[in-house]
Amino acid sequence: MSDVMEDYLKAIYVLESEEGPPVSTSAIADRLGKTPPTVTSMLEKLADRELIHREKYKGVELSDDGRTLALEVLRHHRLIEAYLAEHLGYSWSEVHDEADTLEHHISEEFERRVAASLDDPAVDPHGDPIPGIDLEPPADDGSRPLTTAAVGDRVVIARVSDRDDEELEYLDRAGIVPGTTVEVVDVAPFGMVTVAVDGGEQSLPESVAASVRVRATEADNGVPDEEVSGA
């Protein structure tokens, strides 16, 4: 199978995870930076191989075989990102493009050794879940976009989109990284979301805040604040 086909399967899987099936041609085109006619042509090939189910005017959904292949590529991608960040000193804004290139060309033995060297991590540097060796879809982590939080909410950064290098660098400087607890202090009518983090405040444009996924703190789930802080 070609690298391009694998890229399409991975993109469809991610879009299904984010938005649910079926996935539209336009969403795939936007994700991959392709024209709709180019996407349509590739979808026909994937359908011929029974890797997707396609319904005209509605969109596509991965078949069981297509989903397994997508999860394998995604596992490679996210393990490579984690390895580059932990062992080779890459920043989280640098790993995505490297992993995009390498994900198609590693052996299963190499994958096994990378996973072992990282002690089988559950997530990549951006907080995205790494599919297990069984290639079952990762469980829902319960995260939601930061844009859905209300003023006064204390939330933990769960995941950050890896699609924009400059955005990642900005969030890194702001201290908005997976595992950090922030409090929403303002949501402006024109879309800015301001959060308190590390003793200061950071205002994020709505488009950036939408790329940050958060979940409730342990305190909000019934664990006392002192247990969360370790006091």
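A salt bridge is a side-chain nitrogen of Lys or Arg within 4 Å of a carboxyl oxygen of Asp or Glu. Side chains of opposite charge can pair when their charged atoms come close. The model shown is predicted, and it holds 13 salt bridges.

**First stop.** Select glutamate 55 and lysine 58. These two residues form a salt bridge, with 3.5 Å between the closest N and O atoms. Lysine 58 counts as exposed, since its relative accessible area is 55%, and exposed means over 50%.

**Second stop.** Select helix α6, residues 108-117, and show glutamate 109 and arginine 112. Their side chains meet in a salt bridge of 2.7 Å, N to O. The two residues are three apart in helix α6, so about one helical turn separates them. Glutamate 109 is partly exposed at 36% relative accessible area, and arginine 112 is partly exposed at 45%.

**Third stop.** Select aspartate 141 and arginine 159. They form a salt bridge whose closest N and O atoms are 3.7 Å apart. This pair links distant parts of the chain: aspartate 141 lies in the loop between α6 and β3, whereas arginine 159 lies in strand β4 (residues 154-160), and they are 18 residues apart. Aspartate 141 is partly exposed, with 28% relative accessibility.

How values were computed
Residues are numbered from 1 along each chain as its sequence is written. This is a predicted model: local features need pLDDT of at least 70, side-chain atom pairs count only at pLDDT 80 or more; totals for chains, interfaces and linings use all residues. Side-chain values use heavy atoms; hydrogens and water are left out. Buried means under 20% relative accessible area, exposed over 50%, partly exposed in between (1.4 Å probe, protein chains only). Helices (H or I, at least four residues) and strands (E, at least two) are DSSP runs, numbered from the N terminus.
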